[in-house]
Amino acid sequence: MAKVSFRNVWKKYGNVSAVKELNIECPDGSFLSILGPSGCGKSSTMRMVAGLEHITSGEILFDENPINTLPPKDRDVAMVFENYALYPHKSVFENMANPLKLRGQDASVIKERVTSAARLLEISHLLERRPQELSGGQKQRVAIGRAIVREPNLFLFDEPIAHLDAKLRAHMRGEIKHLQRTLGTTMIYVTHDQLEAMSMADTIAVMHDGELQQLGSPREVYNKPVNAWVAGFVGEPAMNFMDAKIEDRAGRTHFVHPNFAIAVNDEQQRIIASGARQDALRVGVRPDALSISMTKPPVDHITGKIFVTELLGGDMIIDVDLDDCRVRVKTSTEFEGVEGQTCYMTVNTNKWHAFSKENGKAFF
Amino acid sequence: MSNSSTTIDRQKGFAGGAELFRVRQIPDSVESKPVSHVAADPPSVNPAASKAYYFWLMMPAIIVLAFISIYPFFWMIYMSLHDVDIGKVEWNNFENFTKLASDTRFLMGWWLLIQYSVMCLTLQLIIGVFLAVALNGSRWEKVLVTTLLMPMMVAPLVAGMVWYFLYNGTFGWYHWLFQSLGILGAKSILASADTAMLGLVLVDVWQWTPLITLITLAGLKRVPQDQLEANMVDGASPLRNFVSVTLPNLYPVLLIAIMLRFMDNFRFIDSILVLTGGGPGNATKILPVYLFEVSFKFFKLGRGAAIALILLIVTIILGMLLVRIFDRQQPKKA
């Protein structure tokens with residue numbers, strides 16, 4: 001059990017900076033997810049915590065103790081690897097017993113811990129088998145079992161469920177979250193899947209190109225993205241972006257686009273007025289903040305043409321062509337529009353975002 | 001997180017936790033079984049592709065093989081059962097075999113062959129694996145490996161000649177070195193019954209250790225990095241990591257290396273013929289050398305064939321044993 005702190009951590013491979021000036025505090029017992037696309041430095045970050053990579057600059061602390069120079073075996077962390085990294089020549093029992101054996105535990109303690117961990121994960125009947133004889137889901141549980149047999153300072157999960165099929169993955173999200181809550185051990189969970197991060201973590205660290213973009217709760221990251229990149233990366237279907245101009249009409253700031261002119265609300269008006277005055281910006285609207293209809297609504301709206309409709313079972317995604325871009329709208333399955341028809345969308349202006357056109361920073 | 005009712009009681013430790021918390025039924029795949037409407041078997045089976053085609057494709061290879069391999073093999077068995085001389089082939093009631101039982105040089109040949117093989121294999125494995133581990137991932141790996149491979153490129157006969165000069169009692173470099181160190185008596189290395197065998201082992205080790213290094217290096221490349229890392233995080237020291245992850249992953253390639261080398265030891269006698277010819281006395285007359293002598297010096301072809309047959313059978317049995325160990329090492333696929 002430990003608090004983990006990153007203080008100005010850098011990782012350089014030759015001239016390439018994989019991680020740049022990383023500062024994160026992960027409180028004791030919390031679930032931190034490091035989220036980002038491949039090559040964003042998230043795995044390097046985790047490997048530095050595990051001691052598998054040298055920390056080029058800065059320090060990582062467990063509680064208040066720097067661990068930079070400790071070898072992996074003395075850091076007391078447990079790691080689950082993307083490819084499970086089970087030892088093929090050992091049985092499931094021996095695989096799970098390995099960390100205890102290496103720490104010189106008694107055979108009786110090892111047996112007790114491994115059997116109770118196996119019971120926990122419902123793999124008791126597999127203990128005599130070899131990893132090759134297991135399915136992907138079973139291997140993954142053995143790998144988790146190997147991590148939980150001892151009580152480490154910290155769990156490190158490196159995309160542990162990326163190779164499972166979609167349904168099992170959805171199932172395991174809940175199980176892993178519950179496991180972490182139950183054991184109460186600090187967890188760092190690396191993933192490229194925003195859905196995993198959103199659904200499991202207490203705190204999400206969104207990374208891009210080695211830089212920490214945003215650190216916050218899933219709600220904060222989803223509802224208040226700090227920049228257009230985070231806004232576009234988090235959320236499925238992705239946020240719609242439209243370039244708009246800022247115009248004053250009858251004393252009220254409007255975002256104006258060939259397809260629409262919509263007034264901002266009071267708070268947004270204040271932010272626009274107080275911020276550096278810009279003529280143009282980028283508007284971001286999530287598909288569920290738009291509502292679509294075939295009849296012209298009486299309020300400010302966006303006019304477009306239906307490009308295609310996608311039925312997802314429970315709801316429907318409508319792709320709508322605007323003059324210079326295409327937006328996606330989430331709606332109910334009762335929607336009756338057909339490809340090629342003109343449609344109208346209203347925006348929930350409490351839920352829309354505006355980003356700078358130059359650097360992508362969010363105004364709101 | 002702060003929900004204390006689901007948090008494990010740390011005092012009770014892990015075993016206590018398992019009682020508080022159980023993951024409910026994690027199916028391997030969360031799919032339910034579909035209903036089948038299809039009969040157990042198809043109404044008709046399409047004919048398989050004709051095998052005759054493949055037979056004709058293989059025919060040329062079979063003919064060549066028959067001439068260079070199958071015919072001599074059966075001819076050897078035939079000879080082993082007969083007294084063969086120029087213009088004479090006579091059945092002799094398994095005398096070729098029965099006489100071997102009392103042939104001391106035959107029995108001694110086996111003992112020397114075992115000594116020779118075990119010494120060669122042990123030294124080659126230890127040095128070969130050590131070199132491979134030292135070279136693996138080093139900056140000069142490519143250059144050093146190429147350099148290391150040179151002995152293997154030399155024909156065994158030529159290697160024998162080179163070492164013959166190095167061992168020479170008058171101007172040989174090794175002779176000088178060992179004598180200066182006081183290890184060696186007045187006799188030259190190959191002339192003394194005590195050291196001749198070691199001299200031969202040294203040549204074999206010099207020439208064939210690079211092969212073991214090469215094979216081991218290839219094996220080291222496929223030791224999964226993530227297993228090494230997982231073991232490190234589990235708490236293993238580098239040495240422990242080598243023993244418990246690297247070596248088990250190397251077993252298959254090491255077994256192949258052992259198999260290749262022991263078979264070579266049973267048949268490569270070029271350098272031995274050049275260096276000692278089996279001498280001094282019979283001190284290095286390992287079985288294949290004796291076989292060569294019987295067949296082509298004394299021209300007792302029937303007897304030679306009998307020895308060759310026995311040697312072949314023993315080689316096959318040992319080979320099969322190794323293959324079986326190899327199979328057991330390879331985990332079964334589910």
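1. Helix H6 covers residues 156-167 and helix H8 residues 196-221 of chain B, and they pack at an angle of about 130° with their axes 11 Å apart; axes are lines fitted to C-alpha atoms, for helices over the stretch in contact, and angles run from 0 to 180 degrees between N-to-C directions.

2. This is a predicted model, in which local features need pLDDT of at least 70 and side-chain atom pairs count only at pLDDT 80 or more, while totals for chains, interfaces and linings use all residues. Residues are numbered from 1 along each chain as its sequence is written, and chains are lettered from A and ligands numbered from 1 in the order in which they are written.

3. H8(B) also packs with helix H10 (residues 238-267) of chain B, at an angle of about 160° and with the axes 9 Å apart, which makes H8(B) roughly antiparallel to H10(B). Helices here are DSSP runs (H or I, at least four residues), numbered from the N terminus.

4. On the H8(B) side, B:Trp208, B:Ile212, B:Ile215, B:Thr216, B:Ala218 and B:Gly219 meet B:Leu250, B:Val253, B:Leu254, B:Ile256, B:Ala257 and B:Arg261 of H10(B), where contact requires C-beta atoms, placed from the backbone, to lie within 7 Å. These residues divide into nine nonpolar, two polar and one charged, with Ala, Val, Leu, Ile, Met, Phe, Trp, Tyr, Cys and Pro counted as nonpolar, Asp, Glu, Lys and Arg as charged, and the others, Gly among them, as polar.

How values were computed. Helices (H or I, at least four residues) and strands (E, at least two) are DSSP runs, numbered from the N terminus. Angles under 35 degrees count as roughly parallel, over 145 as roughly antiparallel, 65 to 115 as roughly perpendicular and the rest as oblique. Two residues are in contact if their C-beta atoms, placed from the backbone, lie within 7 Å.
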